[in-house]
Each structure stands twice: as structure tokens, then as C-alpha cells.
Amino acid sequence: MARPTPLSGFPEWLPDGRVVEQHVLDTLRRTFELHGFAGIETRAVEPLDQLLRKGETSKEVYVLRRLQEDADAEQDRSGQLGLHFDLTVPFARYVLENAGHLAFPFQRYQIQKVWRGERPQDGRFREFVQADIDVVGAGDLPYHYEVDLPLVMAEALGALRDIGVPPVRILVNNRRVAEGFYRGLGLDDVEGVLRSIDKLDKIGPEKVAGLLVAETGATPEQAQACLDLAAISGGDAGVVDRVRVLAAQHGIVSELMEQGLGELRQLIEAAAVRAPGVVVADLKIARGLDYYTGSVYETVLVGHEQLGSICSGGRYDTLASDGKQTYPGVGLSIGVSRLVSRLLSGGLVRATRGVPAAVLVAVTSEESRPASDAVATALRARGVPVEVAPTAAKFGKQIKHADRRGIPFVWFPGEDGAADQVKDIRSGEQVDADAAAWAPPMEDLWPRVVPAEG
């Protein structure tokens, strides 16, 4: 078989990278569960018409079909399935299908792969892992959840600081502020304005102003007012006052904007107490998806802002509805693969080893392999991860094999009544040992993730 050509956009970590990813996932899961979120998993596919209704373009959705289909079935798109591009749309469907079995407000976390047909680049993949938390209510959902969820995410990401993950900054805005302001200016294509503003970091204010004029019907003066609003940011409630001053300059009076400003103030003030310095109001945060209705969030790694948002989300009031009952919610999603990619490529963290085994049991001869297997069995019974040497080579070669795999200890079974011995191949220390009692130091028992310089 010829050497395969790698597929871009489909990350596959080496074993030590997988250790890092698993540590991140375990830390997130533990934090989510500490806050009462229940874990679920949904299917990988959804009806294509449902995926295309949620603000994503058709070219980003991977369509699923059998390789051998008849011509008529291929023409019929009504029954086609697509791989989900996020976990929010599947979750909305899950809530509708299982509402009679759920207690509301329902808090869930979900960690799964998703697929998007976009151009791969640094931190952007076609297949990647997301970790979501959402709270959904039946009929209504108190605003305080819009305050609580970004702070849960701040705690989850903060729990990774000890392994070398940089601090995070959560940027927040409120769609009601933006909509009230835009409508007060006389702009009715609110979704179009939001989509243009969402491109500010990518294309800059001049091109965004051009988009606003060309695509939403804004005058140059209205476009500039939108850019002035987007330029407002800050970590305290003074942001609210600055928005009001700008609105007054343009003669804008809006109850919707005032509602959004009140909510934004509540979030900023609560965050200043519970997570000082982490949450910042940023009026350019728009989020391109059209189902958000209230607070919206984006999260950046401090010092790695060029990577873009690693965690985003917001409030949605109408994503899940069966026509009789509406299930409003709020949620955030971490792009785990994007985060792990930066941790590895940036040399920010490392795994102490890429294999679980802490001990390699040497084999003196193939005839005595059962004795080595017995040692391994005794150690595993006490929770020590162990490998047995693949061949009865010279001990020097077996030690080199352990070293190449990153296994810190080699166990030598005793012969002719002699005691077994175990060697720390890093220090060279070798001592007598009993498989019924010996254990490696706790820091060596399992692979750990540590700062790269540690």
C-alpha cells in the first residue's frame, strides 16, 4: 500500500496529544457535573432541511447518503440527512422529542464530534470535538442563567490553568442592545447588520462599512453609527452609559435596547464579583447564527487572540418549539479541538508520557514469560498500569524499549529464589520489590499533563 496522503481538517493526535485532549475533556466534564449538568449524546445526523434552517450555509453541511442509491432517490432532497455542524440544533430536536421525560429547567452537557465543510486553517477543522453546556426551560427561562453559564465556562477553563492553559477573556454582548440600536437608526435588516458586524475582526471597519451600505441599505452615516456602537467595550458597567450617550447622539429611544442594556449591566456586575477580570462587554460581538435573541458570548485565549474564539454561544428563545410550547435556552460551546491544537502547536503543555503503562515487566526468557505475566497481573490488580516486554531480549534492549515508550520503571523478576527488583530508568535507582506491595510514586502512576516548561 502506498503511503496515504493526509486529509487536511481532520485532526489525529499522537498518543501524547491524545493524553492532553483527554485531560481537557475530563476537566471540562468534571466542572460541568459539579454544576449539575447531566451528560447526553445525540445522533451524528439530522434531517438536512432542519440543518439548513438554522443560519448555516448549505456548502458547510456534509450530506450523508448511501454509495449505491437509485437515481430517483438522489433527486429527492426531502429525506436527506446531514452530519450535524454543531450540538445546539441536535439538542433542540432532542428536547422536543423527549420533553415529556425531562425536568425543566433542564441542564445538559454534551461532548461529541461535529463536522463543517469549511476551508481548514489554523484552529479550524472539518471534523472536531465540541463540548457544550445548555440550560433549557419550558415556556420561559430566567435571565440569571445568561449570567451563570459564561461563569461556569470561565470556571471550567480556569481549571486548566495549572497545566499551562493561558487565561481566558469572555467577551459578551446582548442582541437586544444591537437590535434596538439598529432599528432606532432606521435599519430594519437587523440580521444583515449583525452578519456584517460579525466580520469586523476578519475584514476591518472600512470593508464592514461597505457591506452595510451595499447589503443592508444603510447610509454612510448609519454605517458609521453601527461601527461606533461596535467600538464600545469595557469591563465595568460604564459601558452601558457609553451606549446610552451614543444612542442619544442619534436620537435613538428604544425599550428593547434599554432591556438589553439592563441585562448586560447585570451580567457585567455579577461577573466582576464571581470572576474578576474575566468577562468584558464588547459591543462588536454579534455571532453569525440567526437563532440568538439575548446575550451572546465569545471567548479568547489571552495572548492568542489571533486564534479567534475558542468558546461561544448565547441565548435563544425560539430554536426549540413544537408549535404549542416553546423551550427557550442559553448555552455555550467550547471548540475542544481548536483549544488542544493551540496547546500542542504552541508548545504550551506536554504529557509526561504517551502511554498509560508505568511499568514494563522484563522477560528473562520465553520459558519464564508466565512468571513475568504473573507479576503484571499482581500489579494490575492493585491499579498499576503495566506492560510486559514483547521479547526476551537482553535487558539493555528491554530498558531501551521502555525508554522509547516513556515508561519510567522496569521490573526484573528474580531467579533461583532471588527477590524481584524494579528500576527507575530515569535515575538509575534499582531496589528489591514485591508485586503485592510496591507501587510507583503517585506522580508516575498515570500520564499527567503539565506546563511545557515543567
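At what angle do helix 9 and helix 10 pack, and how far apart are their axes? That was my opening question for this predicted model.

**Entry 1: helix 9 and helix 10**

I looked up helix 9, residues 205–216, and helix 10, residues 220–230. Their packing angle is about 130°, and their axes lie 9 Å apart. That angle makes helix 9 oblique to helix 10. I also noted the handedness: helix 9 passes helix 10 in a right-handed crossing. Next I listed who makes the contact. From helix 9 I have Pro-205, Val-208, Ala-209, Leu-212 and Val-213, and from helix 10 I have Pro-220, Ala-223, Cys-226 and Leu-227. Sorted by class, that contact holds 9 nonpolar residues, with no polar and no charged ones.

**Entry 2: the whole chain**

I stepped back for an overview. I found 16 helices and 19 strands in the chain. The C-alpha trace spans about 95 × 60 × 45 Å along its principal axes. Of the 454 residues, 50% are buried. I checked contacts too: among those with a separation of 6 or more, 70% are between residues 24 or more positions apart.

In what order do the 9 strands of the open sheet run? I read it off as 1-5-6-12-11-10-7-9-8, with mixed pairing. Strand 1 (38–39) and strand 8 (233–234) are the edge strands, each pairing on one side only. One spot to look at is Gly-39, which stands opposite Tyr-109 in strand 5.

**Entry 3: strand 12**

I wanted a closer look at strand 12, residues 329–335. Is it mostly covered or mostly uncovered? Mostly covered: 7 of its 7 residues are buried. In a regular strand, side chains alternate between the two faces of the sheet. Here I see Gly-329, Gly-331, Ser-333 and Gly-335 pointing one way, while Val-330, Leu-332 and Ile-334 point the other way. Both sets are buried.

Then I checked the neighbours. Strand 6 (residues 127–136) is joined to strand 12 by 7 bridges, and the two run antiparallel. Ala-131 stands opposite Ile-334 of strand 12. Strand 11 (residues 311–316) is also antiparallel to strand 12, with 6 bridges between them. There I picked out Gly-314, whose bridge partner in strand 12 is Gly-331.

**Entry 4: helix 1 and helix 13**

Which helix packs with helix 1 at an angle of about 130°? I found helix 13, residues 336–345, with the axes 10 Å apart. Helix 1 and helix 13 are therefore oblique to each other, and helix 1 passes helix 13 in a right-handed crossing. On the helix 1 side I noted Gly-17, Val-20, Glu-21, Val-24, Leu-25 and Leu-28. They meet Val-336, Leu-339, Val-340, Leu-343 and Leu-344 of helix 13. By class, I get 9 nonpolar, 1 polar and 1 charged residues in this contact.

**Recap**

The one between helix 9 and helix 10 has no charged residues, whereas the one between helix 1 and helix 13 has 1.

Methods. Residues numbered from 1 in each chain as written. Predicted model: local features only at pLDDT ≥ 70, side-chain atom pairs only at ≥ 80, totals over all residues. Heavy atoms only, no water. Buried < 20%, exposed > 50% of the residue type's maximum accessible area, 1.4 Å probe, protein only. Helix = DSSP H or I, 4+ residues; strand = E, 2+ residues; numbered from the N terminus. Pairing = 2+ DSSP bridges. Axes fitted to C-alpha atoms, helices over the stretch in contact; angles between N-to-C directions. Parallel < 35°, antiparallel > 145°, perpendicular 65-115°, else oblique. Left-handed = near helix turned anticlockwise from the far one by under 90°. Contact = heavy atoms within 4.5 Å. Nonpolar A, V, L, I, M, F, W, Y, C, P; charged D, E, K, R; others polar.
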